[in-house]
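Good morning, and thank you for coming.

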Amino acid sequence: MDPENIGFGKYFSDHMFIADYKNGKWDDMCIVPYDKIPFSPSVSVMHYGQAIFEGMKAYRSDNGETFLFRPLDNFKRINISAERIAMPPIPRDVFMNGLIELVKLDRDWIPDVDGSSLYIRPLYIATDEYIGVKPSDNYKLIIITAPVGRYYNEPVKVLVETKFIRAVEGGVGYVKASGNYGRSLYPTKLAQQKGYQQIIWTDARHHRYMEESGTMNVMFVIGDTLVTPPLGDTILAGITRDSVLTLARDWGMKVEERKISVDELIEAHGKGILKEVFGTGTAATIANISLFGFEDKQYPLPPITGSLFSAKVAKELDGIRKGNIRDKHNWTYKI
């Protein structure tokens, strides 16, 4: 593995944590060498999609210490997802102890390169060997880790999607269900064929209001205000999203969590007050958007510079995550 050219999701660390839920209780918690896991063709996750996951990262400080960023928020969110997908809750000690011991064991896999980290993927799946339609009685929690570089190496171009939908009211858009990502692949593929890297999802009812950008929450700087769509049952409560909004408020920036329409975005662009558009997420952290397309027209955004809010908040988050900046919100967890 070349530390300077790791990419994202191509390499995996030496070990993985596994825990099984059976007979109504959690059992068989262990850390084993990273390897394939055999499954029966009848395993229920393959047929009915009881699969959820989380995304988090471990970082190395300048003096070699290891930090997790807001892991308890990931623990809380995976159980929100579990409840919606009719899966039993994961106890805190099972999740956190397995996570911490795994990272301790494989901490040397954290790259010592700017922009790199150890990505952590908890995966929770149904394992009944049964093809009747019902919630599974047996489940498996797996945590794997992967050294990663930057998710995007340059600002991205996005297409405002007005045909396909990511999430509907009353659905599962607010949880990290695997099916949410599977349904996004075809529309994203079509956008990529048009020269875009990602899409901005709009609401299912009218295709009028912004929701998420690809697998990220999306934010807009309009004038001196940071605007982002409000949380609901169609938008994931991103941990990076919450961190960015918290820092913006700390700095005295005006923040609005409200609906923002395509028309408003285009109008702000025309007036020259649309200063920034960027995505937030664990994988990408801050992903700047260089232009957005709507119907047959493209709308380029101002050049990305270090003076932009997105650049400043990305630098601040990086410093906090690595223990180099005071963490007044107690977000970091030292291993």
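Let me begin with a term: helices (H or I, at least four residues) and strands (E, at least two) are DSSP runs, numbered from the N terminus. The model is predicted, so to speak of local features requires pLDDT of at least 70 and side-chain atom pairs count only at pLDDT 80 or more, while totals for chains, interfaces and linings use all residues. Residues are numbered from 1 along each chain as its sequence is written, and side-chain values use heavy atoms, without hydrogens and water.

A pocket, on a 1 Å grid over the protein atoms alone, is an open set of points where a 1.4 Å probe fits, with protein on both sides within 12 Å along at least five of seven lines; a lining residue has an atom within 4 Å of a point.

The largest pocket holds about 570 Å³ of space, a volume being the space filled by probe spheres set on the points, which are joined across faces, edges and corners. Its lining comprises 27 residues, and nearest the centre lie Arg150, Ala284, Thr285, Ile286 and Ala314. Two or more lining residues come from each of β4 (56–60), β15 (285–294) and α8 (309–321). Of the elements, α8 contributes the most, with six residues.

The second largest pocket has about 490 Å³ of space. Among its 25 lining residues, Phe53, Arg121, Lys176, Tyr181 and Thr215 are the closest to the centre. Here α4 gives the most to the lining, namely three residues.
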